[in-house]
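Dear colleague,

Please find below the structure I am handing over to you. My notes on it follow.

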Amino acid sequence: MGKATGFLELDRKDRGYDAPAERLKHYREFIVPHDEASLKGQASRCMNCGIPYCHNGCPVNNQIPDWNHLVYESDWREALDNLHSTNNFPEFTGRVCPAPCEAACTLNIVDQPVTIKSIECAIVDKGWKEGWIEPQVPAKKTGRSVAVVGSGPAGMAAAQQLARAGHSVTVFEKSDRVGGLLRYGIPDFKMEKHLINRRLVQMMAEGVDFRTSVEVGVTVSVDSLKENFDAVVLSGGAEDPRPIGIPGFELPGVRFAMEFLTQQNKRVAGDDEIRAAPRGSLTATGKHVVVIGGGDTGSDCVGTSNRQGALSVTQLEIMPRPPEKEDKALTWPNWPLKLRTSSSHEEGVTREFAVLTKRVVGQNDVTGLECVRVEWVDGKMQEVPGSEFVIKADLILLAMGFVGPRKQGLLEQAGVDLDARGNVKGNTVDYKTSVDGIFACGDMRRGQSLVVWAIREGRQCARAVDEALMGVTELPR
């Protein structure tokens, strides 16, 4: 697999970035890809492991050593077919996945994992460039129909698989464009939206019907879907944001991250300010911005704020600063806890760890944020006496994650059971909910997670639906 001595001869070399001063001027992607010769070299580093732990590290179980070898052999077309056999949308994961496969790579024991994510992205990008990616229209129709509620990565994957199985699939999306989190949660500088659009063209040619600006549970009832479709798949997101609940949180300068990110994505898409910001424009221009939450959404707020011309950006995390390097003997091949610096962080931000917010300062609007430093003793958080401080702030963005799907409308009408965390209850074998004919997958079932997990669940749910409708299925898990 690959070159027997490849990993001994070549070091890891990942994709580069345009300089921060240049990329801050626009919202386009700024990764500098490898040329084909470099990619072949990087693919040759795959070690022919006896047990390729990258398989388990990847939620969609990509056959990573196989397509690494095919790239090394310059058999790009076969590599693309192999990649698509497990992942409907590798151009999405090749851009926004944190690459748990690379954490599980055997070479990561010495901090030199194969550049799996870069190679994956290069394979599918070449496939589009060469015109190899075409609609896969089913040879015959089953006569069965499926409604998919939500057009994020889980809904898109489920819809595509079901359409290829011959079912009539209709996707309902409450927003004005298809894509869910991919469309309005992830900034264009991380993933440009033409990538979604060309998949929509492919899926429509395969028979998928997309209905946007239709909110199931509001403009269309769940009962009507049950009456008109043979099965219903709930594949919406975990959209209920975690509140902060401190004094002053009701001030107009305290806003949820997703509103901020969605507005900018709509502007980039060409929407005027009325369509992009129906509640009023929300920008960081000329403001001191504080982002509460240390995850990917918080990082996206940092990158967007800097592009909008913020005077300063501070990101707060309640947990202690992670170690710079993990203990491989304890963590490998699992996803480790360690300090991660995103491209947005490199563009300019002050990062504060082990900080608890206490009060928003201001009368009619935000002027600051009162905080206190904390320490963790025996797993319990304690405030450090005398450590109180105030951060100057004009805009506070809440990026503390999500507590589950919204319950109003769709889930109330569906009447499905919820689990202890407030997600739709369903297992990963048949993806059935407590209501006959209704299935659930993605963040709505598992809680907030990664795009790659959503694709996995959408694919597996499609197989379960196909088997329930037809008695047998040839769809892969």
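Which residues make a nonpolar surface patch of about 320 Å²? The patch is made by I318, M319, W376 and M381. This is a predicted model, in which local features need pLDDT of at least 70, side-chain atom pairs count only at pLDDT 80 or more, and totals for chains, interfaces and linings use all residues. Residues are numbered from 1 along each chain as its sequence is written, and side-chain values use heavy atoms, with hydrogens and water left out.

Areas come from the Shrake-Rupley method with a 1.4 Å probe, and for residues only the protein chains shown count as cover.

I318 sits in the loop between β10 (312–317) and α17 (328–331); helices (H or I, at least four residues) and strands (E, at least two) are DSSP runs numbered from the N terminus.

The backbone also deserves mention. The W332 to P333 peptide bond is cis, with omega near 5°, and P333 lies in the loop between α17 and α18 (343–346). N48, not a glycine, has a positive phi of about 60° and belongs to the loop between α3 (36–43) and α4 (54–57). D111 has a positive phi near 60°; D111 is partly exposed, at 36% relative accessibility.

With kind regards

Terms used: Patch = residues over 30% accessible without salt bridge, like charges linked within 9 Å, V, L, I, M, F, W, Y side chains within 5 Å. Salt bridge = Lys/Arg side-chain N within 4 Å of Asp/Glu carboxyl O. Buried < 20%, exposed > 50% of the residue type's maximum accessible area, 1.4 Å probe, protein only.
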